Amino acid sequence: FATNGTAPCRGLIHCEDLEKVYAIHNSGAYRNISSGSSLRIGTIPGSDPVQLSRNQKADPQVFVQTAADCFIVESDTIATITDVDFPDDVVSADYVGGYTVALQEDRIFNISSLNSSKLWDALDFATFEQRAGKGVRVMEDNGELIGLNSSWMEFWRDTGNADFPFEPIGFKSRGLKAKNACAKCDNTLIFVGDDNNVYRLDNYQPVIVSTPEVSRLIQEDANPDDLIAFSYDRAGHKFWCLTGSTWTRCYDAATQTWHSRESYGYERWRARHSVQAFGKTLFGDSQSGKIFYADQDIFTEDGGTLIWKVISPPLHVFPNGAILDAVHFDLATGYGTLSGQGSDPLAMLRVSTDGGNTFGQYRELELGTTGDYKARVTARRLGRFGPKGIVFELSISDPIVRALVACDVELRPLRR
């Protein structure tokens, strides 16, 4: 969609009324418009992920929180906050009910003047005080303020009180694992808890949505403070994505299932941060200054290979195993390209008979040339498997439609 210099993306925000996307790439701040045109508007130091929020001022102010300092983007210019009452060492910020809320690690949060992120009053503050611990993140969700702390969270509501507009309405005994390990998705907040599980807020109640595999990845990650989450919508599905040091896992809120994402040549997905803008789903890149957009008719990533892979659960035949005569896959067929790679597309099949620990050689399965929609994808004479069962790994690298509906097998149980 656009190229904003050469440095990785630190954060994105879409100002719909201005028809602009602001993007931070290392020390550069950029403005993108619907044509993809890019303009560098100034400097925001650092390389850490940033938190971006905006108010409802007639000429909106975009508040940029970084590890080093906080900045304001207004009318395509960047300024620091000079008000002497602005708090030091802000660790998180968001916009709630007309106010920019700035959190410090000691759990004190200050609020700006109404729709003015440059004006602050030293007396306009409160504290998340249900327990001792560190303040980690503040977020707006459905018009309410959520304080995510090291071992608990508090919920506050804007009551319109003239002295101080926010009042507490409840708390839960679940903290936030890492500052950037949370994102709004499917009209609620999904976050990594202090116990290494992923939670979805359901009427103020944190409900676990992670699998044991995802929770184990979080627990064993070498750099847990660097976990980063973002969400995006595609084709009626709402995805919440979490990236660690060497992995990316995505939660599909529609199906309540998880899958892995991995860019070719990398251990994790390149995408970082996402916004809906100009009728597109835009993504920042962790490897360059490019801004990408998703296209359901494109089966490459930045022009490179995009591999689709499905690994089945183990198939068991109690008690001894079986001889596998054939396996049939109901795959989308007949969608080959007119020329070049994909004109004679293939699926690659491997099997494992030791519980998925090791796989055998690849076997090529034809997917049918363009228009051959009746092609059946079948592999025969796959040998025998024992009590540990058999696992199928199916992958496609050709740039074609990829879809698996079901599979079935022909087998003969082994006798004693």
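**View 1. The largest pocket is lined by 46 residues, and those nearest its centre are Tyr-232, His-259, Arg-261, Leu-306 and Trp-308.** Several strands (DSSP runs of E with at least two residues, numbered from the N terminus) give two or more residues to this lining: strand 22 (228-234), strand 23 (237-243), strand 24 (248-252), strand 25 (257-260), strand 27 (280-285), strand 28 (290-293), strand 29 (300-301) and strand 31 (308-311). This is a predicted model, in which local features need pLDDT of at least 70 and side-chain atom pairs count only at pLDDT 80 or more, while totals for chains, interfaces and linings use all residues. Residues are numbered from 1 along each chain as its sequence is written, and side-chain values use heavy atoms, with hydrogens and water left out. A pocket here is an open set of points on a 1 Å grid over the protein atoms alone, where a 1.4 Å probe fits, with protein on both sides within 12 Å along at least five of seven lines; lining residues have an atom within 4 Å of a point.

View 2. Volume means the space filled by probe spheres set on the grid points, which are joined across faces, edges and corners. Sorted by class, the lining of the largest pocket holds 20 nonpolar, 11 polar and 15 charged residues. (Nonpolar covers Ala, Val, Leu, Ile, Met, Phe, Trp, Tyr, Cys and Pro; charged covers Asp, Glu, Lys and Arg; the others, Gly among them, are polar.)

**View 3. The second largest pocket holds about 1200 Å³ of space.** Its lining has 38 residues, with Leu-12, Lys-184, Ser-231, Ser-274 and Val-275 closest to the centre. Look for strand 22, which gives the most to this lining, with six residues. By class, the lining of the second largest pocket has 17 nonpolar, 12 polar and nine charged residues.

**View 4. Strand 4 (residues 28-32) is largely enclosed by the rest of the structure, because five of its five residues are buried.** Buried means under 20% relative accessible area, with a 1.4 Å probe and protein chains only. Gly-28, Tyr-30 and Asn-32 lie on one side of strand 4 and Ala-29 and Arg-31 on the other, and all are buried.

**View 5. Strand 4 pairs in the antiparallel sense with strand 3 (residues 20-25) over five bridges.** Pairing requires that DSSP finds at least two bridges between two strands. Find Val-21 and you will see Asn-32 of strand 4 opposite. Two residues lie between the strands of this hairpin, where Asn-26 takes a positive phi near 45 degrees.

Methods: Helices (H or I, at least four residues) and strands (E, at least two) are DSSP runs, numbered from the N terminus. Buried means under 20% relative accessible area, exposed over 50%, partly exposed in between (1.4 Å probe, protein chains only).
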